[in-house]
Amino acid sequence: MCGIVGLWDRNGCKVRDLETRVAAMTETLSHRGPDDSGVWLSREARIAFGQRRLAIIDVSPMGHQPMMSSNGRYTITFNGEIYNFRELRSELEDRGVRFRGHSDTEVIVEGCAQWGVNSTISRLNGMFAIAVWDVRERQLFLARDRMGEKPLYWAICDGLVLFGSELKALRADPGWRPSLCRGAIAAFLRHNYVPGPFTIYQDVYKLPPAGLVKIGEAGGPEIGAYWDLAGVVSQGRRNPLRVDEEELVDELDELLHDVVSRRMVADVPVGAFLSGGYDSSMVVALMQRASPKPVKTFTISFENAAFDESKHAEAVAKHLGTEHTTFPVSGAEALDVVPNLAEMYDEPFADSSQVPTHIVSALTRNRVTVALSGDGGDELFSGYNRYQWAETVWRPSAKTPLAFRRLASSSIRVVPPRVYDGIARYIPYLRRVPQVGHKAHRLAQTLSVPSIDSVYYQLVSHHQNPIELLKGSQEVRAACWDQNLKGLMPDPVDRMRYLDMCTYLPDDILTKVDRASMAVALEVRVPLLDHRLVEWVWRLPSSQNARAGRPKHLLRRVLSRYVPDHLVERPKMGFGVPLADWLRGPLREWAEDLMNKAGLNADGIFDVEAVRSLWTEFLSGDDRRYYLMWNILMFQAWHRRWCGASVAHTGGKRLASLELRTLS
C-alpha cells in the first residue's frame with residue numbers, strides 16, 4: 001500500500017526543478033507510506049513519478065518504486081495489492097521473464113512489457129491505482145481498480161498533467177492554481193461526499209472505478225474502462241444461475257473462502273475488523289478457516305450503549321477462537337478526532353462514521369499492518385434498509401393514491417424523532433430498530449414521492465434542494481441521476497444496488513476507509529469486493545440473494561455453517577456516533593465558531609440566513625437537521641483548512657475542456 005504522485009509537462013516550457021516539485025508532492029503522502037520513498041524522472045520527456053511505500057509484499061529493497069521494466073520501456077508507480085500476482089508471475093516466467101524480486105509491482109510492469117498496458121490491467125485481481133509511462137510511445141496511462149477501493153485524482157492544467165492518491169499532493173505543486181466548483185459543493189450537501197468523477201475543485205477529477213485513461217503528448221485524454229459494472233448487471237440478469245439453493249450455498253462458501261484467503265497473503269502481520277455483524281463475521285470465519293493459528297481481530301467499545309457493538313463482536317470472536325482485542329474508547333477520545341478530519345479528508349467529506357473508523361484503524365495499527373474488513377456486503381447482498389423498504393413498503397403503498405400517502409407522511413412527521421426513540425426503549429432489544437425516530441421520518445419522506453426512483457433520491461439526499469443554501473450554483477449530476485437505467489435494469493431494487501455500488505460505495509464507504517486507515521499507514525483489504533464475487537452475485541435470482549424480511553439470505557446461509565444464528569441475528573446498527581448530542585454539547589463551541597455569521601458572510605459561499613436558520617432549528621431540538629448540519633460543518637472545517645486567498649470560487653461547467661474518447 002502506498003501513495004503515488006506524478007507530473008508531466010506536455011508543453012515543455014513551464015516546469016522547472018522537476019525533481020524538487022515531484023518530491024514535494026510525494027512528501028505530502030508520507031502518512032500513506034512510511035517505509036520508503038522514491039522519485040523517478042525523465043528530463044527528456046519532462047515527466048516525473050513519486051511514491052511513498054508501505055511495504056507489504058517483498059519488504060526488501062527489490063520492491064522499491066517507481067520501478068522500470070527489464071526492457072526499459074515502461075515505468076510504474078503503484079498503490080495497492082494484486083491478489084493473483086503469483087499466477088501472473090508464473091505465466092510471465094513461462095514466457096521467459098526473469099524476475100529480480102518478489103513484489104506484485106514487478107509483475108505488473110513486466111506484464112505491461114509482455115502483454116501491453118490495457119491487457120495487463122484487465123488481468124489484475126486486486127485493489128489498485130496505477131500510473132504507467134510508455135517511453136517508446138510517450139504516453140501516460142492511469143488506471144483504478146474495478147470497485148474503487150484505491151483513489152486516484154488527476155488534472156490537466158494548461159498542458160501540465162498532475163495526478164496523486166490524494167488532492168493534497170496536487171495542491172503541493174505550484175503549477176496548479178485550484179478553484180472551487182460550487183456545483184460540487186451543492187452535490188456534497190446532498191450526499192455528504194462529492195460524487196465522482198467530480199471533485200471539489202474545478203477541472204480536477206476522480207478516476208472512476210475501472211477507469212483507464214491514456215494521455216498523449218497532444219490532444220485530450222482518452223477516457224475508457226476495462227470493466228463495466230452496468231454490463232455485469234445486465235449480463236447477470238440475462239444469464240442467472242440455475243441451480244438449487246444448496247448448490248448456491250456451496251458455491252458461495254468456496255468462492256468466499258478463495259477471496260478471503262487471497263487477501264491474507266502478506267509479509268507483515270494481518271488481522272481483521274470485527275463488529276459481530278454478518279459481513280465482518282463472515283470474513284473472520286473464513287480467515288480462521290484458512291489460518292492454522294488464531295486470527296487477530298479488533299473492535300472498539302463506546303460508553304454509549306446505543307452505539308456499542310463490542311459484546312456482539314466478542315461473542316463471535318470467542319466462538320471462532322480468534323485472538324480478539326476490544327479497545328475501549330471514551331467520548332473525549334472520539335471528540336479529539338474531529339478537529340483533524342479536514343486534514344485527513346482533503347476534500348469535503350461528512351460521513352460521521354469517519355470518526356470511529358479512524359479510531360479503530362489507529363488502534364489496530366499498533367498490532368498489525370494489514371486488516372481485512374467486511375465492507376461491501378450491504379451493497380452486494382442487499383443489506384440496506386432502503387432495499388427492504390422498496391420491497392415491503394413502496395410496492396404495496398404505490399397502489400394507494402399519492403394524496404393519501406402524502407397525508408400519512410405528514411402524520412408520521414408530526415411526531416419528533418426523539419419521541420419515537422423514547423417509545424423504542426420499551427421494545428425488546430433484539431426487536432428494536434436503532435435510531436428509529438430518524439428512520440421513521442426518512443420512511444415518511446418515501447411515502448410522499450411519486451416514483452420508486454424518487455424514493456431512492458430522497459433516501460440518499462441529506463437535503464432535497466441544496467442549491468437553496470448556496471449562492472450562485474447549479475448542482476453537478478453524477479450517476480444516480482441517469483435516466484437511462486430503467487431500460488437496462490427494470491427492477492428498481494437492482495437499480496438501487498447498482499447505483500450504490502458505483503456511487504455511495506466508492507465515494508463514501510471506500511473513501512472513508514482509505515483515508516481513515518491510511519492516515520495511520522494501515523492497509524485495509526475488502527474481500528467482498530473481489531470482482532469475481534461481484535459478477536457471481538449479480539447472477540443470483542433476487543429471491544436467493546435476499547428475501548422479504550431477511551436481507552443477505554444466501555450470505556447468512558453460508559455464515560450459519562461457521563457461526564450460530566443467535567450470535568449475529570440482531571437489528572442493523574451501523575457504525576455511528578451520537579452526533580446530535582455532540583453538536584448540542586461538547587462540540588457546540590467548535591460548531592458555533594464554524595457557523596459564525598461574520599465568517600460565513602466573508603466566505604461568500606452559503607446563504608447565511610438560510611444556514612443560520614437551520615442551525616437554530618437544530619439547536620432547538622429538530623433532529624431532522626443533524627446530518628445536514630454535519631455536512632455544512634465539515635465543509636466549513638475543510639474550507640478553513642484548505643482555502644486561502646489563492647483558491648478561487650467558480651461554478652463553471654465540468655468536463656467541458658476535455659475531449660472524451662473511448663479507449664480501444
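Asn192 sits in the loop that joins helix H6 (182-191) to strand E11 (204-206), where helices (H or I, at least four residues) and strands (E, at least two) are DSSP runs numbered from the N terminus. The model is predicted, so local features need pLDDT of at least 70 and side-chain atom pairs count only at pLDDT 80 or more, whereas totals for chains, interfaces and linings use all residues. Residues are numbered from 1 along each chain as its sequence is written, and side-chain values use heavy atoms, with hydrogens and water left out.

With a relative accessible area of 7%, Asn192 is buried, a term that stands for under 20% relative accessible area, against over 50% for exposed and the range in between for partly exposed (1.4 Å probe, protein chains only). Leaving out residues up to four places away in sequence, Asn192 touches Phe349, Ala350, Asp351, His462, Asp508 and Asn631, contact being heavy atoms within 4.5 Å. The C-alpha atom of Asn192 is 37 Å from that of Ser103, which is 89 residues away along the chain.

Helix H19 (residues 452-459) is largely enclosed by the rest of the structure, because 8 of its 8 residues are buried; among them are Asp453, Tyr456 and Gln458.

Helix H8 (residues 245-262) packs against helix H9 (residues 278-290) at an angle of about 75°, with the axes 9 Å apart; axes are lines fitted to C-alpha atoms, for helices over the stretch in contact, and angles run from 0 to 180 degrees between N-to-C directions. H8 and H9 are therefore roughly perpendicular, a class that covers 65 to 115 degrees. Residues of H8 including Leu256, His257 and Val260 meet a set in H9 that includes Met282, Leu286 and Arg289.

The largest nonpolar core has 105 residues, with Ile130, Leu256 and Trp536 having the most contacts inside it; such a core is a set of buried Ala, Val, Leu, Ile, Met, Phe, Trp, Tyr and Cys residues joined through side-chain atoms within 4.5 Å. Helix H21 (residues 492-518) contributes the largest share of this core, 9 residues. Beyond its neighbours within four places in sequence, Ile130 is in contact with residues including Ile4, Phe78, Leu124 and Phe141.

A second, separate core of 87 residues includes Leu579, Val608, Phe618 and Trp630. Phe618 also has its backbone oxygen 2.7 Å from a polar side-chain atom of Arg584, a residue of helix H26 (residues 579-584). Not counting residues up to four places away in sequence, Arg584 touches Arg418, Phe618, Leu619, Gly621, Asp622 and Asp623.

Notes. Parallel < 35°, antiparallel > 145°, perpendicular 65-115°, else oblique. Polar contact = N/O pair within 3.5 Å; in protein donor to acceptor, adjacent residues only side chain to side chain.
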